[in-house]
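Please open the structure in a viewer and keep the selection tool at hand.

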Amino acid sequence: MTPFALLYALHVLAATIWVGGMFFAWMVLRPAAVAMLQAPERLKLWADVFRRFFHWVWVTVLVLPISGIGLWHMRFGAMASAPRYVHIMAGLYLIMLALFLRIQLLQLPALKRAIAAEDWPAGGAVLGVIRRLVGINLVLGLAIIALASARPAL
Ligand code: HEM
């Protein structure tokens, strides 16, 4: 396997794990949890789901730019000579990273505090914010994958 192929595989696997995990959480686990669980159990479930999933997201947010910049140099040379869709991919990544850091550093601690205080309405409000931010990141992630796969001549 060439270094380029290895980086490419790592890059696409990282994108799959992050975006696929968000798709499952948003489209499958969220409606199932609403249908099956009362607020206290649902909030505790989500706090544990985020704790476990975010370990993997930390790996992907590191692997994506490292592998992506490696691919960029091997395939296109200078930064400016890459096609526009690669610049858009890197730019949207920064937005996804910022939203992820916001959930990890602000919303998740607030959710844990609400659960510890058994303040279920406050916990529900925090979960609503997380749901919105993850929804934005899911749409961005799907858009990046579609863009990178289509490789349009922008
Ligand atoms: C700093 C961030 C990133 C950089 C520098 C970067 C760079 C690159 C480069 C140079 C390629 C190869 C393009 C080509 O061969 O035409 C690529 C492919 C790809 N990237 Fe990224 N990328 C980044 C973030 C992301 C993110 C956040 C995602 C998705 C969530 C993503 C998904 C993909 C996919 C799916 C491909 C493969 C497309 C295909 O060959 O079908 N990338 N990336």
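A cavity, on a 1 Å grid over the protein atoms alone, is a set of points where a 1.4 Å probe fits but cannot get out, and its lining residues have an atom within 4 Å of a point. Grid points are joined across faces, edges and corners, and a volume is the space filled by probe spheres set on the points. The model is predicted: local features need pLDDT of at least 70, side-chain atom pairs count only at pLDDT 80 or more, and totals for chains, interfaces and linings use all residues. Residues are numbered from 1 along each chain as its sequence is written, and side-chain values use heavy atoms, with hydrogens and water left out.

**First stop: the cavity**

Searching the whole structure gives one cavity of 30 Å³ or more. The volume of the largest cavity is about 90 Å³. Select its lining: Trp18, Met22, Ala25, Val49, Phe50, Phe53, Phe54, Val57, Phe100, Ile103, Val134 and Asn137.

Next, colour the helices (DSSP runs of H or I, at least four residues, numbered from the N terminus). At least two lining residues come from each of α1 (3-36), α2 (39-76), α3 (84-116) and α4 (120-150); α2 gives the most, with five.

**Second stop: the surface**

Now select Phe23, which lies in helix α1. Is Phe23 buried (under 20% relative accessible area), exposed (over 50%) or partly exposed (in between, with a 1.4 Å probe and protein chains only)? Phe23 is partly exposed, because its relative accessible area is 40%.

Conventions
1 Å grid on protein atoms, 1.4 Å probe; cavity = no way out; pocket = protein on both sides within 12 Å on 5 of 7 lines; lining within 4 Å.
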